[in-house]
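Student: I have a structure open and would like to go through it piece by piece. Can we start with a helix and work outwards?
Tutor: Fine, here it is.
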Amino acid sequence: MSTIQRPPFSRDIIKLKNLDEVVESICSKLKQDIGKRFRRRGAVIGISGGVDSSVCVALTVKALGAKNVLGVLLPESDSSPESKEYALVLAKKFGIDTIEENVSGALEGFRCYTRRDEAVKRVVPEYNPQEDKMKVVIPEEIIKSNLPPVHYVTVIFKDGSEKSVRLPMNEYLQIVAASNFKQRSRMTMLYYHSEALHRCVIGTPNKHEVQQGFFVKHGDGGADVMPIGNLYKTQVYQIAKHLGVPQMIIDRTPTSDTYPAEQTQEEFFFQMSFEEMDLFWYGWEKGYSAEEVAGVMGVEADEVAGIFKNFERKRQTTEFLRTPAVHEYYGV
Amino acid sequence: MKENIRNFIAETTFTEPEKISDEIMIFDEGIFDSMGLLGLINFLEEEFGVVTDDTELVEENFGNVQRIAAFVESKRVAVAG
């Protein structure tokens, strides 16, 4: 009977040790996919000033040359003004052209904000979208309950006071569906530019976003290639440093930039730090035991087993997002 | 009551009711996900008049048909009392 040889689980087990080779491998495939397989002349990337889209720019510029990469800034009414500043610093650093396309008008046309705010007001009637801010969160005590997470809306009133209410199904779904107009409007604009220039759209989700379903189907999940789609977040940071992504972008806390109130990705979706999540996910995906992972991470095995169960659940329930339209039905 | 709960789960998940035993763990087995939980909370309110508090959202109350029925019963007793 043969046994699978694998290294013991450790905190640096996913650390990339050969960054030049990794970058070369990604860039070579990018060039092949865009130029030969898809026969396009370059790339279009939505740039948010975050580390993921920045690393995608750095890799694509290395693969195709700066003159063949267009950065598109896609702000809307709820976007942080900081995003534009960071995106322009990035564009300057890597020498790419940029264009700004404000999608607020499109979103107003879709009644994105109105539909979202109507749902919020049904659970928090005193919410005034002109003055107050809102975000959707999962409270920590819910995460520990061993049930699938339920979401709460938190309204931050003008005077700084806050109110959080658990979202019933219809209101939760309406808020999410309305908010997803944002990513889908951005995708539409990116495809306008990619088709006008005969280029590919570069998708910027990382491995966790792809595998745990933290993206919008046909929104930020709508792209032709995803160069960091198989990289852990800590690996994305390694490549960011290696390729010279500006330090201010590397130091910036990743946010969802979806709702009016500031919100980290950890708070909105992942519920643990990237450093921890990378290691737990790797341990789960590669079949390490909860006991072995627990010993290295300094937590109880029961807690790791719960985290593994949550990963499995997320992977299953988000399969719909990763699956293209099913067309293998009856035909002759 | 168990049959009502079982039928609700079966109808919303396109599953045969006989496959949903009293003891089967509906979330662990992938029958229900977070949307299923939200739908179940709505259902308990509409069908049985039971409002679920935040602190009651635990596996002990929602893990399977048996536990859900017991939870509804305990809430009704508490209200009646």
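Student: How many residues does helix α1 of chain A have, and how far does it reach from its first C-alpha to its last?
Tutor: This is a predicted model, to begin with. Helix α1 of chain A covers residues 19–37, which is 19 residues, and reaches 25 Å from first C-alpha to last. That is close to the 27 Å expected at 1.5 Å a residue.

Student: Which residues of α1(A) are buried?
Tutor: The buried ones are Leu19(A), Val22(A), Val23(A), Ile26(A), Cys27(A), Leu30(A), Asp33(A) and Ile34(A). They are on the same side of α1(A), because they cover an arc of only 130 degrees around the axis.

Student: And what sits on the face turned away from that buried side?
Tutor: That face carries exposed residues: Asp20(A), Glu21(A), Lys31(A), Lys36(A) and Arg37(A).

Student: What comes just after α1(A)?
Tutor: Arg39(A), which takes a positive phi of about 55 degrees. Most residues other than glycine have a negative phi.

Student: Where else does a positive phi turn up in a residue other than glycine?
Tutor: His218(A) has one, with phi near 65 degrees. His218(A) lies in the loop between α8 (207–212) and α9 of chain A. In chain B, Phe14(B) has a phi near 55 degrees. Phe14(B) is in the loop between α1 (2–13) and α2 (34–48) of chain B.

Student: Is Phe14(B) buried or exposed?
Tutor: Exposed, since its relative accessible area is 78% and the cut-off for exposed is over 50%.

Student: Back to chain A. You mentioned β1 and β7; what order do the strands take in their sheet?
Tutor: The order is β3-β2-β1-β7 in chain A, an open sheet of four strands with parallel pairing. β3 (97–100) and β7 (200–201) are the edge strands, each pairing on one side only.

Student: How many bridges join β1 to β7(A)?
Tutor: Two bridges, between β1 (residues 43–46) and β7(A), and the strands run parallel. Within that pair, Val44(A) stands opposite Val201(A).

Student: I'd like a closer look at Thr60(A). Where does it lie, and is it buried or exposed?
Tutor: Thr60(A) lies in helix α2 of chain A. Thr60(A) is buried, because its relative accessible area is 0% and buried means under 20%.

Student: What is Thr60(A) in contact with, leaving aside its neighbours within four places in sequence?
Tutor: Its contacts are Leu30(A), Ala43(A), Ile45(A), Gly65(A), Val69(A) and Ile202(A). Leu30(A) is one of the buried residues of α1(A).

Student: Different topic. How do β4(A) and β5(A) pair?
Tutor: They pair in the antiparallel sense over five bridges, with β4 at residues 133–137 and β5 at residues 152–156. Val136(A) stands opposite Val153(A), and Lys135(A) has Thr154(A) as its bridge partner.

Student: What else does β5(A) pair with?
Tutor: Strand β6 (residues 162–166) of chain A, antiparallel and over five bridges. Thr154(A) stands opposite Ser164(A) in β6(A). β5(A) and β6(A) form a hairpin with five residues between them, and Gly160(A) in the turn has a positive phi of about 95 degrees.

Student: Now zoom out. How many helices and strands are there in chain A?
Tutor: There are 15 helices and seven strands. Of the 332 residues of chain A, 53% count as buried.

Technical notes. Residues numbered from 1 in each chain as written. Chains lettered and ligands numbered in written order. Predicted model: local features only at pLDDT ≥ 70, side-chain atom pairs only at ≥ 80, totals over all residues. Heavy atoms only, no water. Pairing = 2+ DSSP bridges. Expected span 1.5 Å × (residues − 1). Buried < 20%, exposed > 50% of the residue type's maximum accessible area, 1.4 Å probe, protein only. Arc of directions from axis to C-beta. Contact = heavy atoms within 4.5 Å.
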